[in-house]
Protein chains: 2
Amino acid sequence: MNLAVEPPFRGLTRIRLYLAYDGSYFSGWAYQPNLRTVQGEVQKAITTALHLTQPLEVIVAGRTDAGVHARGQVIHCDVPELSPDFDFQKFVYSLNGILDADVRVHSAGVAPAGFDARFSAIARRYSYSVMDGVTDPLLRSCAITHWRELDSEAMNLASASLLGLHDFASFCKPNDYGSTIRTLQEFTWKREGLLLRATLQADAFCHSMVRSLVGCVIAIGDGRKPIEFARSVLERRERMADVVTMPSAGLTLEEVLYPEDGELLRRQEMTRAKRDISEVEG
Amino acid sequence: MNLAVEPPFRGLTRIRLYLAYDGSYFSGWAYQPNLRTVQGEVQKAITTALHLTQPLEVIVAGRTDAGVHARGQVIHCDVPELSPDFDFQKFVYSLNGILDADVRVHSAGVAPAGFDARFSAIARRYSYSVMDGVTDPLLRSCAITHWRELDSEAMNLASASLLGLHDFASFCKPNDYGSTIRTLQEFTWKREGLLLRATLQADAFCHSMVRSLVGCVIAIGDGRKPIEFARSVLERRERMADVVTMPSAGLTLEEVLYPEDGELLRRQEMTRAKRDISEVEG
């Protein structure tokens, strides 16, 4: 067995939780003393609901930046052994009673063997929402307004040209210790009512990668750049000022994908083996 | 010509504007000194944008209560005569620059002859949104959470039993001076993602009527009342505590319907003739 894989130690139960949050009033996911972060709030809520006396650390599938939202966030944490008849439904109810309305726990349960929220994941799916025509003020916390009309067809062509296994250095914040090689599995644009919404899926994203990819393609959508611009940015493998990192408000982590339960441990070991994966996503 | 119809006086231009707003942080539509109201904000913005020196009053199609939203609100107001080459696009841009992000002007132009935002309208369409399963915190400002699962089929049957021309006294706040007779033209429920969304259309709604109709049918949807309850409430023509007025956050004015331009004045006269129509809607 790979020693790098941290088991839920004897006397502990590993639990898995699914969360959604409106990131508008959080200083991002990651705990920071004296700031309101999703991790901080969730850790506090679990500690209170389980009457824990020790500090607790939760591990997240997709660390999100300040202002970024989530509909399908996944976390795990190891808590003092729970009795087999522990009532998870009541636990969820109690967590949602403790948490503010901008973060909701959708479900909780014992994690399957070998599960690690971060290292077992095989892919993350994000959406990015833009209003380029009429602005609906009810959507302003999760969609940005773009002042020029966007050509979704050109944007789909440009986005498709970025799919596959590449070095996405041109779209990532410089990262001394990590690789910027990723597999972009999906990048499409679709009109949904007043929204033009992008869907992006990759094994993992580097820091600011989703928002830079979107910024690059939006410059094509409003006519400032030709369709070929996207591919040329990818190929130069250098981050430059002509690619804008879009505002966080439009970005939502929609789903984290995992392999079948039997594959969770193997996947975790594989990911840990190439631990150079960057630390912050979105 | 019917004297009751107020013309845009000589030297004035009647303009029509389409608005959307997130009602969360407004004390409703109607102007109140020292409170933040949509009417107050919009009047101030128009006054500023047009450099008016006189106070201005805008007339609204659907007065909304505190916390109620709008996507298709319509207003008119009479302003000092505008030159024929007045740039309405620039005017809209300027209004949106003055207004906070929770209210947006979608378009503005000279009103067609005979137009009155309130009295020319032939129907109002509202939506009411409920999350009865998973709660999306990103939708919490425009959809309420209901703790029991709702049976949309039973709700559609109950809602259909209320359609038509009736005295809706059981669903209206008592109104000494007004009639509570309305024609309910549409009342349907549809699942859209995580939302169960009602659409209600009537010639006009009395105060709190939409939210009471929804409260009545939700009691059927979660099994507290049988389908026949809706019709029996309608027929007793008396407002009672077993019908809950739902929270305003779920309610949105979606659209105001007007007749063809040639019919605007006749419609205005007709509505004014039965001016007993109640003053506050939603």
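The legends below describe close-up views of a predicted model. Residues are numbered from 1 along each chain as its sequence is written, and chains are lettered from A and ligands numbered from 1 in the order in which they are written.

**View 1. The contact between chain A and chain B.** Chain A contributes 18 residues and chain B contributes 18 residues, two residues being in contact if their C-beta atoms, placed from the backbone, lie within 7 Å. On the side of chain A that touches chain B, at least two residues each come from β1 (12-21), β3 (69-80) and β4 (103-110) of chain A. β4(A) gives the most to this side, with 3 residues. Helices (H or I, at least four residues) and strands (E, at least two) are DSSP runs, numbered from the N terminus. The chain A side divides into 8 nonpolar, 4 polar and 6 charged residues. Ala, Val, Leu, Ile, Met, Phe, Trp, Tyr, Cys and Pro count as nonpolar, Asp, Glu, Lys and Arg as charged, and the others, Gly among them, as polar.

**View 2. Helices α1 and α2 of chain A.** α1 (residues 38-49) and α2 (residues 88-98) of chain A pack at an angle of about 125°, with their axes 9 Å apart. Axes are lines fitted to C-alpha atoms, for helices over the stretch in contact, and angles run from 0 to 180 degrees between N-to-C directions. α1(A) and α2(A) are therefore oblique to each other (under 35 degrees is roughly parallel, over 145 roughly antiparallel, 65 to 115 roughly perpendicular, and the rest oblique). Ala45(A), Ile46(A), Thr48(A) and Ala49(A) of α1(A) make the contact with Phe91(A), Ser94(A), Leu95(A) and Ile98(A) of α2(A). By class, this contact of α1(A) with α2(A) has 6 nonpolar, 2 polar and no charged residues.

**View 3. Helices α4 and α5 of chain B.** α4 (residues 209-221) and α5 (residues 228-236) of chain B pack at about 150°, with their axes 9 Å apart. That angle makes α4(B) roughly antiparallel to α5(B). Cys216(B), Val217(B), Ala219(B) and Ile220(B) in α4(B) meet Phe229(B), Ala230(B) and Val233(B) in α5(B). The contact of α4(B) with α5(B) has 7 nonpolar, no polar and no charged residues.

**View 4. The buried residues of helix α3 of chain B.** Met155(B), Ala158(B) and Ser159(B) are buried in α3 (residues 152-160) of chain B (20 or more other C-beta atoms within 10 Å of the residue's own, all placed from the backbone). The buried residues of α3(B) fall within an arc of 100° seen down its axis, so they line one face of the helix; the arc is that of the directions from the helix axis to the C-beta atoms. These residues pack against β8 (181-192), α4 and α5 of chain B.

Technical notes: Predicted model: local features only at pLDDT ≥ 70, side-chain atom pairs only at ≥ 80, totals over all residues. Buried ≥ 20, exposed ≤ 12 C-beta atoms within 10 Å, placed from the backbone.
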